[in-house]
Amino acid sequence: MNKQVPTKIKQNPRFVAMNLLTQVDQNQAYSNLLVDKGIRDGQLDARDGRLMTEIVYGTISRRLTLEYYLAPFIQKVKKIDPWVKQLLLLSMYQLHYLDRVPAHGIVNDAVDIAKAYGNPGIGKFVNGVLRNVLRTELPDLEEIDNTTKRLSVQLSLPEWLVDKLLATIGENETIALGESLFETSRSSARVNTALISREDALIQLKDEGYEVEASEVSTFGIIAASGFLAGSELFKKGYITIQDESSMLVAPSLQLELDDIVLDACAAPGGKTTHIAQFLDASVGGRVLGLDIHQHKTKLIEKNAQRLQLESVVSAQQLDAREVKNTFEDDAFDKILVDAPCSGLGLLRRKPDIKYSKKPEDFVNLPKIQLEILESVATKVKQYGIITYSTCTILPEENEQVIEAFLAKHPEFEIIDVAGADKFAKSNSYVTLYPHEYGTDGFFICSLRRVK
């Protein structure tokens with residue numbers, strides 16, 4: 001739509017949110033990449049930026065629930081423009097889930113946007129729908145007979161994902177997990193212990209005004225109740241880096257020694273590579289090589305290493321991890337990390353749009369690629385060396401089943417405890433963190449030792 005929209009409307013956080021939501025819905029754009037651009041383009045101040053961000057993430061997170069609530073009010077309409085639908089959904093989100101915003105303000109803003117971006121007729125339609133919504137009691141979701149359908153609407157998860165979660169963790173855990181995804185992600189950072197202790201980092205961040213505390217998940221982690229940790233002086237100096245607590249468990253699982261030669265087979269942007277580097281000493285031969293299939297992403301690994309002052313032990317190389325078998329000598333590495341490409345279903349709180357873009361067919365090809373990578377690196381780790389396999393997903397197809405398929409062909413490997421994360425192990429030494437358990441991303445870790 002090329003209609004000239006008044007500046008006052010363009011700078012309305014609800015108008016900015018409507019545009020972003022339409023792009024996410026129509027073009028499968030990623031919300032986390034669009035929000036910052038929306039704040040800049042809309043010239044939103046801090047308060048309006050927070051409101052717009054809340055509206056965008058909240059509307060996406062609860063999309064299926066909101067669509068269920070909206071359906072009775074628009075069922076007689078043959079077709080509505082995508083942006084009008086998003087305007088109605090974000091208005092319903094505010095009406096039902098935000099306490100501090102008055103209903104009349106929400107409706108008036110939506111009508112003004114509809115008139116300015118569309119025409120007076122659309123404004124009248126939006127006004128009528130929202131005022132009907134306010135006059136009507138919401139349907140009771142408990143009255144949906146089918147369990148999968150009910151949980152899909154209640155938790156705003158696609159039905160295929162509900163079925164997978166029910167089969168994996170049962171109904172009560174599925175509900176707890178789904179409801180936890182509506183909570184805001186907390187900020188976390190990993191301390192670069194090569195430069196500063198966690199205790200000193202906590203003191204300095206508090207001096208800067210941050211509300212921070214030590215992570216209970218990782219001994220390297222700091223979590224923040226408020227504030228933008230990437231804006232801190234410690235971040236600028238390379239003393240901390242932004243990382244989820246769950247992924248901080250990976251590097252210790254390799255049981256690293258100062259002189260280890262390590263391969264990080266799927267390394268970009270280098271968060272885990274640089275964590276591995278903290279355990280190594282270049283003066284005694286320690287080093288880590290990070291691979292990525294894309295050349296521009298290897299630059300990110302190098303850039304991260306330089307910022308954290310760890311470039312003496314970190315190098316990067318463009319290579320498809322499936323080609324490791326044709327590139328390096330056997331027994332070339334003491335330890336290998338395979339942080340495999342995956343569906344990312346552990347990141348649903350941070351990236352809620354993922355749950356609508358993934359399809360069941362994704363689980364056909366991804367496990368094949370994950371297994372190919374493990375096969376490719378198998379002979380490159382020395383005897384008694386360790387391969388750690390990790391993903392940011394929580395479904396068995398990409399986790400336990402990949403490990404089981406690998407071990408069936410490689411009796412020279414055995415599963416060992418995930419060092420530093422034993423208390424999180426579920427069974428057979430597999431570590432799976434679900435988002436509702438510790439407030440982290442969903443994550444899977446398994447360590448394998450080559451015994452012959």
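The questions below take the labels one by one.

Guide: This is a predicted model, where local features need pLDDT of at least 70, side-chain atom pairs count only at pLDDT 80 or more, and totals for chains, interfaces and linings use all residues. Residues are numbered from 1 along each chain as its sequence is written, and side-chain values use heavy atoms, with hydrogens and water left out.

Visitor: Why is Thr440 called buried?
Guide: Buried means under 20% relative accessible area, exposed over 50%, partly exposed in between (1.4 Å probe, protein chains only). Thr440 has 1% relative accessibility, so it counts as buried.

Visitor: Where is Thr440, and what is it in contact with?
Guide: Thr440 sits in the loop between helix H19 (435-438) and strand S13 (443-450). Helices (H or I, at least four residues) and strands (E, at least two) are DSSP runs, numbered from the N terminus. Contact means heavy atoms within 4.5 Å. Leaving aside neighbours within four places in sequence, Thr440 is in contact with Val217, Asp244, Glu245, Ser246, Arg349, Leu433 and Pro435.

Visitor: What makes a space a cavity?
Guide: On a 1 Å grid over the protein atoms alone, a cavity is a set of points where a 1.4 Å probe fits but cannot get out; lining residues have an atom within 4 Å of a point. Points are joined across faces, edges and corners, and a volume is the space filled by probe spheres set on the points. The structure holds 1 cavity of 30 Å³ or more. About 50 Å³ of space lies in the largest cavity. Its lining includes Ser185, Arg186, Asp244, Arg349 and Thr440.

Visitor: How is the lining of the largest cavity classed?
Guide: It has no nonpolar, 4 polar and 6 charged residues. Ala, Val, Leu, Ile, Met, Phe, Trp, Tyr, Cys and Pro count as nonpolar, Asp, Glu, Lys and Arg as charged, and the others, Gly among them, as polar.

Visitor: What about H17 (residues 362-377)?
Guide: Its 16 residues should span 22 Å, and its end C-alpha atoms are 23 Å apart, which agrees. Phe363, Leu366 and Ile373 are among its buried residues.

Visitor: What makes a nonpolar core?
Guide: It is a set of buried Ala, Val, Leu, Ile, Met, Phe, Trp, Tyr and Cys residues joined through side-chain atoms within 4.5 Å. The largest has 50 residues; Met18, Leu88 and Val126 are among those with the most contacts inside it. Its largest share, 9 residues, comes from H6. A second, separate core of 49 residues includes Leu165 and Val431.

Visitor: Which bond is cis?
Guide: The peptide bond joining Ala268 and Pro269 is cis, with omega about 5°. Pro269 is in the loop between strand S5 (261-264) and helix H14 (271-277).

Key: On a 1 Å grid over the protein atoms alone, a cavity is a set of points where a 1.4 Å probe fits but cannot get out, and a pocket is an open set with protein on both sides within 12 Å along at least five of seven lines; lining residues have an atom within 4 Å of a point. The expected span of a helix is 1.5 Å times one less than its number of residues.
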